[in-house]
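Have the structure open as you read.

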Amino acid sequence: MLLLPVFTLLQIFLISVESGKECEFTMRLVPGFNPLVQKDAAGKECRGNVELPFCKGYCKTSESGTHGFPPRVQISKVCTLVQTSIRKVILEDCDEGAAESIKFVNVPHGSECECSAVPLEQNHS
């Protein structure tokens with residue numbers, strides 16, 4: 001029964017490896033929110049296409065030592081955005097009289113991705 005989830009994870013890994021892409025940066029439209037719609041208390045709407053920074057690919061992860069005492073050393077990394085700021089995106093397609101508060105959205109802004117270490121809790125009870 002454990003073989004199926006392991007096989008699925010292996011498939012995902014192989015797809016990443018086959019693409020030959022380590023950690024890489026792209027911009028993508030928000031899935032399911034194209035266009036993004038914001039509504040104010042009066043029912044007026046603002047709409048717009050918002051691209052978000054997106055990181056994809058694989059990063060090297062390793063483990064050494066034993067599963068007994070002393071504990072193993074595990075280094076896990078994940079492909080993450082190097083965020084530099086928050087960007088204000090103006091939603092241009094607004095109903096007449098829409099509130100100012102729905103005419104924009106703040107999104108993370110960055111232009112590169114990197115392999116960053118995942119913090120692991122070391123609880124030994």
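Which residue does C46 stand opposite in β8? C46 stands opposite C94. Before going further, a word on what you're looking at: this is a predicted model, where local features need pLDDT of at least 70, side-chain atom pairs count only at pLDDT 80 or more, and totals for chains, interfaces and linings use all residues. Residues are numbered from 1 along each chain as its sequence is written, and side-chain values use heavy atoms, with hydrogens and water left out.

Back to the sheet. Strand β3 (residues 45–48) is joined to β8 by two bridges, and they run antiparallel. Strands here are DSSP runs of E, at least two residues long, and helices are runs of H or I of at least four, both numbered from the N terminus; two strands pair if DSSP finds at least two bridges between them.

Now for the cysteines. Searching the whole structure turns up four disulfides, a disulfide being a pair of cysteine sulfur atoms within 2.5 Å. Count the bonded cysteines along the chain and the pattern reads 1-5, 2-6, 3-7, 4-8.

Take C23 and C79, bonded with an S to S distance of 2.1 Å. This pair links distant parts of the chain, 56 residues apart: C23 sits in the loop between α1 (3–18) and β1 (24–29), C79 in strand β7 (residues 77–90). The S-S torsion of C23 and C79 is about 85 degrees, so the disulfide is right-handed. Both C23 and C79 are buried, meaning under 20% relative accessible area, with exposed over 50% and partly exposed in between (1.4 Å probe, protein chains only).

C55 and C113 are another pair, sulfur atoms 2.0 Å apart. C55 is in strand β4 (residues 51–56) and C113 in strand β9 (residues 104–117), so parts 58 residues apart in sequence get tied together. Here the torsion is about -85 degrees, so the disulfide is left-handed.

C59 and C115 are also joined, S to S 2.2 Å. C59 counts as buried because its relative accessibility is 14%, whereas C115, at 32%, counts as partly exposed.

Finally, look at Q74, in strand β6 (residues 73–75). Q74 and E63 are eleven residues apart in sequence but 4.3 Å apart in space, C-alpha to C-alpha.
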